[in-house]
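Please keep the model open while reading.

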Amino acid sequence: MVRYVVKRLLIMIPTLLAVGIIMFTLMNFVPGDPAQLALGSGVHSEAEIEAKRVALGLDRPFVVRLGEYVTKVFTRFDFGKSLIDGTEIKWELMKRFPHTAKIAIFSIILTVVVGLPLGIYTAVHANSLGDRVSLLVTLLFDCMPSFWTALILVLLFSLKLKLLPSSGAKSLVYFILPTIANSLGGLAGFTRQVRASMLEVVKSDYVTTARSKGLSERDVIYGHALPNALIPILTVIGMRFGSMLGGATIIEVVFSIPGIGQYLVNSINNRDYNACTGGIIFIAFTFALIMLLTDLLYAFADPRIKAQYVSSSKKKVK
Amino acid sequence: MDDLKKRHGRHHGYHEKGRKGKRRHHIDPSIKPGSAKYIWASVSHNKGAVFGMVFLALIIVLSLLSPYICKYNYSATDFASMKAWPSAQHWFGTDDLGRDILSRVLYGARYTLIIGLLSTVFSAIVGVIMGAIAGYFGGIVDSCLMRFLDLFQAFPSLVLAMAFCAVFGTGVDKCILALGITGIPGFARLMRANILRIRNMEYIEAATTINCPTWKIIAQHIIPNAVSPIIVEIAMSVSRNGLAASSLSFLGLGVQEPKPEWGQMLAATRNYIRDFPYMVIIPGIFIVLTVLSFNLIGDAFRDALDPNFKD
Amino acid sequence: MAESKEKFFELRNLTVKYHSGSSIIHAVNDVSLDLNAGETLGLVGETGAGKTTIAKSILRILSENSVESIDGEILFEGRRILDMEDKEMQAIRGKSISMIFQDPMTALNPVKTVLSQIAEGYKLHHNCTKAEANKRAIEMLEMVGIGEDRAEEYPHQFSGGMKQRVVIALALACSPRLLLADEPTTALDVTIQAQVLDLIRDLRNKLGTAMILITHDLGVVAEVCDKVAVIYAGRIIEKGTLEDIYDHPTHPYTCGLFAALPDMDKDVDRLSPIEGLPPDPSVIRDHCDFLERCPYACEKCKKFDNKMIEMTEGHFVRCWKANEEV
């Protein structure tokens with residue numbers, strides 16, 4: 001198992017390296033002169049701009065800069081400085097990450113806590129009134145853009161009912177609306193996936209076997225059907241969590257939460273290419289890590305997959 | 001004897017639940033499943049899909065006709081009637097610059113639809129070709145292509161689209177390109193998986209053993225069987241990309257002012273939500289209905305194309 | 001109404017209907033059977049005749065979504081199974097009546113160890129500690145020839161024959177008084193079939209369990225059963241003791257089944273199959289179900305009222321010609 005984790009970590013490196021190279025290259029060819037941007041708006045003389053180019057190291061050949069950038073990123077986790085305000089991108093991202101992480105964690109908890117029981121209920125009572133209502137409501141939520149949901153929630157709970165704050169990240173209360181807005185769409189999709197997965201499993205012969213043993217319906221569903229239905233669901237949860245850690249961009253923008261997603265949008269809008277490249281590579285890092293964790297969990301939950309890894313690593317030992 | 005009958009009656013209850021089970025739409029059994037006729041019969045029996053098609057047809061026609069049928073130009077500002085609530089004059093009210101929201105919403109439908117459709121066509125064409133090459137040739141070609149597509153999947157899809165927007169810039173065409181590229185891996189993987197699955201099926205082996213030529217196997221067996229999941233994915237992708245286009249525009253990375261894209265309209269008027277909520281609510285409802293329509297149509301196609309999927 | 005002597009197990013006029021699309025499938029029609037404690041009944045018929053449906057109705061584990069109705073009575077030790085509350089039924093399942101399923105490949109939960117799957121039922125019905133249940137499960141596994149060292153393994157680590165042994169151990173863990181064995185050997189290799197059959201027979205003798213053995217293999221029935229019921233298109237068409245059926249097969253279908261068997265003593269080029277296909281299960285006929293395939297069919301068969309005729313005591317046949325011969 002350890003061998004497998006190490007192997008997976010090693011496979012991650014070339015992918016991330018390629019991501020770094022591609023992002024840096026793409027951003028390099030974006031129209032617009034970084035030196036001019038770094039000097040800010042206003043008219044600047046040729047000499048001034050040239051001096052800034054040298055200061056930023058832009059006068060050196062592309063390949064040299066690329067090599068230096070990638071080395072810095074991979075050895076020191078150093079993404080360079082922002083073109084606009086000169087802040088260290090690494091520290092800026094680190095400062096913002098907790099906000100994004102909070103939204104991601106709260107949202108995934110909300111999604112699982114509501115979606116899992118609802119999905120199980122609707123699968124067990126398939127075609128009942130509750131199931132139909134839930135299908136309709138989740139389908140509707142699935143189609144609602146999160147920025148719209150967020151604005152409607154603000155309208156209702158902050159402006160009309162005056163119950164919850166509508167922007168900022170000062171305390172946990174500020175995260176209630178963002179979490180709900182961030183979860184609704186995903187929650188709907190998640191519920192439908194749990195339902196589909198459960199429906200598939202409930203038809204299995206081994207569920208009938210469990211029932212024939214005299215187990216209560218509860219034990220049959222939660223003890224035998226659910227563990228099997230959860231295996232594909234784990235990947236869904238991992239994907240969702242991974243992409244939310246990459247910044248709940250829209251939610252952060254609507255609720256003015258200083259997170260990774262907001263940073264990325266701001267840097268794109270300000271043409272701060274250093275910050276943009278750094279942010280995107282950072283997101284790729286966290287996403288890849290979460291996907292790795294998901295795969296490991298998957299192997300842990302399914303003895304058949306686990307056996308593959310164990311046996312393949314045994315073979316390698318020989 | 002009566003007593004016995006009563007008991008007979010009672011124990012039916014336990015199993016009676018099953019009767020509520022959903023029964024299939026009644027389609028003429030003489031129509032062969034999988035034929036175009038069957039698919040049409042099945043989709044047109046689906047209430048959701050009919051709603052979706054009617055709504056989309058209506059919104060497309062109204063959007064195209066909006067410059068001729070609307071009283072106001074979508075970009076005409078009217079400072080005399082700024083921030084007017086919905087009324088007989090302005091059915092959906094006016095925005096902060098006095099522009100008629102009805103005209104803007106109808107005109108703006110084209111952006112969501114065009115971006116959703118064209119970006120999907122782009123990803124479908126490129127993705128299907130790549131997937132087919134990877135799946136058919138296998139080996140090193142397959143590995144290279146798939147590793148390359150893995151790079152795309154190192155990002156959450158909205159972040160990837162944002163990255164492309166950062167590189168290409170803003171505008172309808174750039175937005176189509178960004179979303180189109182983002183969607184390639186999905187189609188490529190789907191196509192590849194299909195080809196691999198079908199290639200290993202027994203009927204392909206059977207066709208090979210009777211010396212059926214390769215081109216015939218591809219044309220008659222592989223392609224028809226790979227088409228249905230692709231069609232379903234296309235319907236889903238249009239709705240996904242339409243939504244993503246609105247999201248990007250909302251963030252200021254997609255369609256720009258003065259084009260009345262729905263997401264962009266929301267972003268422009270969100271500060272007035274407290275006093276003029278209709279400005280935000282109305283374009284949102286149109287986004288929801290459009291996305292819903294595509295989803296319902298996609299669901300109906302999935303049910304029609306893959307009879308095994310249902311129940 | 002004359003009260004018959006209370007039997008250990010009895011089916012009275014069991015009728016099961018499924019719904020499929022817009023049509024009703026008559027899976028089991030008016031099936032009546034009885035069984036004494038410790039007896040083995042062979043339920044013989046071709047695929048789709050309704051054998052598995054009967055077994056699943058007894059345990060009430062038919063999928064609720066596809067069942068239209070279940071009528072008739074199922075009496076176990078004098079209690080009406082179809083009238084029971086869920087709780088009562090759960091107390092019977094696995095403890096008093098248990099079932100061996102047809103396909104060992106899918107009958108076991110892939111994410112649980114075989115030990116925990118066997119111990120689970122025992123713990124539930126005996127209210128004992130986990131350790132005791134595990135001990136019992138290991139005993140059961142050893143009884144079916146699987147060592148303790150493999151108890152903590154998962155189903156995917158076992159071969160088909162081994163899985164079927166696990167399924168058998170699972171079914172017998174609580175020493176049930178009635179065992180429903182649904183084609184326990186069909187999914188297995190011929191060489192393993194004999195072993196598994198011997199195993200079931202030994203265990204039955206050791207534990208004194210009554211058994212309903214569902215099969216389409218007449219050889220298996222001859223080896224194991226005391227009584228036989230032949231089922232065709234959801235109806236019993238002939239039932240009696242093993243001797244009744246094997247020495248005096250009367251219904252043309254039963255005769256056809258025997259004629260279709262290869263005979264070691266005779267040198268024939270071809271076996272004689274029963275021509276034709278089973279009838280449409282969505283139609284209820286007012287004449288003999290076997291009419292279309294019967295070599296002796298005549299006009300009178302079209303008016304046959306489908307009643308069972310008792311030939312000798314306990315030997316019933318659903319064919320009017322049986323009466324003529326007597």
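In chain C, residues 24 or more positions apart account for 64% of the contacts with a separation of 6 or more, a contact being a pair of C-beta atoms, placed from the backbone, within 7 Å. This is a predicted model, in which local features need pLDDT of at least 70 and side-chain atom pairs count only at pLDDT 80 or more, whereas totals for chains, interfaces and linings use all residues. Residues are numbered from 1 along each chain as its sequence is written, while chains are lettered from A and ligands numbered from 1 in the order in which they are written.

Chain C has 11 helices and 12 strands, which are DSSP runs numbered from the N terminus (H or I, at least four residues, for helices; E, at least two, for strands). Its radius of gyration, taken over C-alpha atoms, is 21 Å, close to the 20 Å that the globule rule gives for 326 residues, so chain C is as compact as a globular protein of that length; the rule is 2.2 Å times the number of residues to the power 0.38.

Eight strands of chain C form an open sheet with mixed pairing, in the order β6-β7-β8-β3-β9-β10-β12-β11, where pairing requires at least two DSSP bridges between two strands. Because β6 and β11 of chain C each have a single partner strand, they stand at the edges, and one side of each is left without a neighbour in the sheet. Within the sheet, β3 and β8 of chain C run parallel and are joined by five bridges, with C:Leu41 opposite C:Ile212.

In chain A, helix α9 (residues 205-212) has seven of its eight residues buried, that is, with 20 or more other C-beta atoms within 10 Å of their own. Their cover includes α8 and α10 of chain A together with α1, β6 and α3 of chain C.

Methods: A residue is buried if 20 or more other C-beta atoms lie within 10 Å of its own, exposed if 12 or fewer, and partly exposed in between; C-beta atoms are placed from the backbone. Two residues are in contact if their C-beta atoms, placed from the backbone, lie within 7 Å.
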